[in-house]
Each structure stands twice: as C-alpha cells, then as structure tokens.
Amino acid sequence: MNRHDLTETILAYARQLGFTLAGVTVPGKMTSFHTFAQWVNDGNAAGMAYLERPDTLAKRANSQLILPDARSILVVGLPYFSQAEQPTVVKNPGNGKVAAYARGLDYHDVIPVKLAQLVEKVETWIGRPIAHRVYTDTGPILEREMAVMAGLGWIGKNSCLISPHFGSYFLLAELFLDLDLEPAQALVTDHCGSCNRCVQSCPTHCIQPDRTILAQRCISFQTIENRAEMDQAVAEMAADWFFGCDICQNVCPWNIRFSHTPPDVQLEIKPGSETVDAIEILLTSPAVLKEKYKTSPLLRSKPAGLYRNAINVLNNSKSLPPQMIEKISLVNQEAAMIISKMTNQTIDRQ
C-alpha cells in the first residue's frame with residue numbers, strides 16, 4: 001500500500017471508529033510554544049505544576065521528543081455534544097449544571113481504546129508492529145496547534161479548536177506513529193472575524209486577547225482542576241455551574257449554526273446527568289461518590305472538590321438552610337468540614 005492510500009485508509013477507519021475529525025501532521029518544533037511559555041511565565045498555570053516542568057516544556061516546544069521514532073501524528077476529534085440538544089435549564093435552585101463533555105463516560109476510558117483498535121488494524125495492513133504513543137488531554141503536547149496543522153480547524157478566541165464544518169464540541173486525541181503518512185494542509189484562516197460573543201459572554205472575563213485563558217479566573221479550572229479553595233470572585237460568578245462551564249462554546253455562532261453532529265455513542269448524555277443535586281452530593285460519603293462516578297469525568301474533582309462545588313452552588317442559590325447543614329454533619333464528616341470552612345460556621349457534630 002503506497003503512502004497516499006495508507007493515509008486515506010487510516011483516515012477512513014478513524015472516521016469509522018467515530019472520529020468525525022481526522023487529519024495527519026508531522027512532529028517537530030511548535031510555532032505556538034512561545035505563547036504557551038509566556039503564559040506559564042506570567043503565572044497563569046494556577047498551581048498546575050506539571051505544566052511548568054522543564055522536561056514537559058521541552059516536549060511542548062518540540063513534539064519530536066515525545067517519540068523519537070515518530071514520523072507522523074494522527075490527530076482526531078470525537079464529538080461529545082450537539083447544539084441541537086436543548087440548553088440545560090436548572091429548575092431546582094439546589095441543582096448544579098454539569099459541562100456537556102462530562103455527562104457521559106470518561107473520554108479517557110473511551111478514546112484510547114478506539115485508537116488501540118486503529119493501531120491493531122494498521123499493523124495487520126502493513127504486516128509489522130508499529131511504534132506509537134497515544135495522548136488524549138494527558139501528555140505534554142500543544143494539541144490544538146497539532147489539530148490546526150492537521151487541517152481540522154482553527155483556534156478560536158475562546159482557545160477552543162473550531163471546525164468550520166462541525167463547531168467545537170470535540171475531544172481531541174493524538175496518535176504518534178512511526179509511519180510516513182501524507183500530512184494535511186494546515187488550516188490557517190481565522191474564521192472568528194470580528195465576533196466577540198465568547199469574550200463578552202464569559203462571566204469571569206478569563207479569555208485573553210492572545211486566545212489564552214487565565215486559568216485562575218476560569219470556572220472550568222476552579223471547579224475541576226483546582227484542589228484548593230475556589231477564588232471567591234470566580235466562585236460567585238460561577239452561579240449554578242457545578243462542574244465545568246460551556247458558556248463560551250454555547251454562544252459561538254459556529255456551534256449554533258454547524259454543531260449538530262450526534263455525540264459518540266459512549267459519550268451520549270445520560271438521562272438526568274445535565275445537573276446534579278448538590279444536597280445529595282453532600283449527603284453521600286466519599287467512598288460511595290467514588291463508586292458512583294468511577295466511570296465519569298466528575299471524579300476528576302475528587303470527592304473533596306465535589307463537596308466544595310456543591311456548597312458553592314448552594315451558597316449562590318441561597319439553598320443551604322441550617323437544618324440541612326446539621327443533617328449533613330451527622331452523615332458526612334468530610335463534607336461538614338468543608339461546609340464549616342466555606343461558610344464560616346462552627347458545626348456541632350454529635
């Protein structure tokens with residue numbers, strides 16, 4: 001099989017596996033690294049120390065260091081949401097909204113399996129084992145630049161990759177391969193134009209002119225990655241967001257007009273997963289939470305983070321009455337300790 005045919009066959013099989021977006025680029029020096037390095041130097045990593053390590057910075061600067069034998073990178077996008085879905089409306093003031101990507105299975109348990117299937121298939125086609133490496137939001141790479149180079153879209157003002165055909169509700173992944181595949185033509189045109197809806201709609205004003213995000217002011221960071229107390233100003237502006245935030249994507253014209261691709265079957269929204277009952281979270285022990293959400297992205301926040309987020313939703317909606325605090329204190333000491341810290345109330349645990 002020649003280079004062109006092998007590339008097209010791999011792309012076709014990737015799409016068969018559910019990757020609506022699929023393209024090829026080559027490893028090497030990354031042109032956007034200087035922006036990332038400046039972002040880190042300005043203190044915007046917000047405590048995510050793994051972003052500042054010299055070894056990971058070097059790999060982000062030159063993706064060839066990831067897998068020295070790699071000759072090509074397959075970049076794919078798996079759809080997780082369709083703008084055709086009705087927007088989430090919180091009817092109960094004690095409920096908190098969950099970002100769309102987190103309403104199904106954890107994509108870290110879905111995407112690597114699909115890419116392993118692809119590798120196995122390609123090995124049968126070429127008759128030899130393939131040196132490869134898989135990343136999906138887990139490795140020291142600048143994946144959105146890779147996606148641009150693979151022709152999948154452009155980086156929008158909200159820092160998301162936007163496909164001109166399908167919008168931005170995609171989870172990206174990369175497959176480094178020791179195969180000489182045919183690279184795509186990079187999509188270098190910026191189709192955001194003068195639109196600033198995402199910037200204007202962000203309640204915390206975390207979107208920057210250089211298309212980076214101030215992590216410390218981002219609702220998604222504060223409710224997912226942050227292991228400490230939430231920034232008070234951001235906590236208040238988070239309103240009823242319990243886990244993550246979709247505002248900057250929901251208002252994007254490219255999503256409103258084009259994002260109608262059904263989500264991958266394994267990432268489909270589970271009934272009732274659009275919101276969580278904050279009181280129920282606080283009444284649930286850490287062990288039970290871990291079991292309940294063991295296949296969900298929500299466990300990324302750890303039980304302590306889920307308790308913190310639940311209290312914040314209740315604080316913002318003024319739905320945490322004293323009698324409920326007393327009930328929680330009797331059944332869940334860890335949640336009670338966090339309530340005490342966040343509300344400055346001394347709880348008598350009898």
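The legends below describe close-up views of a predicted model.

**View 1. An open sheet of four strands.** Four strands, in the order S1-S2-S7-S4, form an open sheet in which the pairing is antiparallel. The edge strands, each of which pairs on one side only, are strand S1 (21-25) and strand S4 (132-135). From one strand to the next, the twist averages 15 degrees.

**View 2. The pairing of strands S2 and S7.** Strand S2, made up of residues 72-79, and strand S7, made up of residues 170-177, run antiparallel and are joined by eight bridges.

View 3. Helix H1, which covers residues 3-16, lies across S1 and S2 and runs at about 150 degrees to S1. Helix H4, which covers residues 111-126, lies across S2, S4 and S7 and runs at about 35 degrees to S7.

**View 4. The salt bridge between Lys 97 and Asp 240.** The count of salt bridges in the model comes to eleven, and one of them is formed where the side chains of Lys 97 and Asp 240 meet, with a distance of 3.5 Å from N to O. Lys 97 belongs to strand S3 (residues 95-98), while Asp 240 belongs to the loop between helix H8 (232-237) and strand S8 (241-243), so the pair ties together parts that are 143 residues apart in sequence. Lys 97 has a relative accessible area of 15% and is therefore buried, since buried means under 20%, whereas Asp 240, at 24% relative accessibility, counts as partly exposed.

**View 5. The salt bridge between Lys 114 and Asp 264.** Here the side chains of Lys 114 and Asp 264 meet in a salt bridge of 3.2 Å, again given from N to O. Because Lys 114 lies in helix H4 and Asp 264 in the loop between helix H10 (253-258) and strand S9 (275-277), the pair ties together parts that are 150 residues apart in sequence. Both Lys 114 and Asp 264 are buried.

**View 6. The salt bridge between Lys 341 and Glu 229.** The closest N and O atoms of this salt bridge, which joins Lys 341 to Glu 229, are 3.7 Å apart. Lys 341 lies in helix H15 (residues 333-343) and Glu 229 in the loop between helix H7 (219-225) and H8, so parts that are 112 residues apart in sequence are tied together by the pair. Lys 341 counts as exposed at 57% relative accessibility, and Glu 229 is exposed with a relative accessible area of 55%.

Key
Residues are numbered from 1 along each chain as its sequence is written. This is a predicted model: local features need pLDDT of at least 70, side-chain atom pairs count only at pLDDT 80 or more; totals for chains, interfaces and linings use all residues. Side-chain values use heavy atoms; hydrogens and water are left out. Two strands pair if DSSP finds at least two bridges between them. Helices (H or I, at least four residues) and strands (E, at least two) are DSSP runs, numbered from the N terminus. Axes are lines fitted to C-alpha atoms, for helices over the stretch in contact, and angles run from 0 to 180 degrees between N-to-C directions. Contact means heavy atoms within 4.5 Å. A salt bridge is a side-chain nitrogen of Lys or Arg within 4 Å of a carboxyl oxygen of Asp or Glu. Buried means under 20% relative accessible area, exposed over 50%, partly exposed in between (1.4 Å probe, protein chains only).
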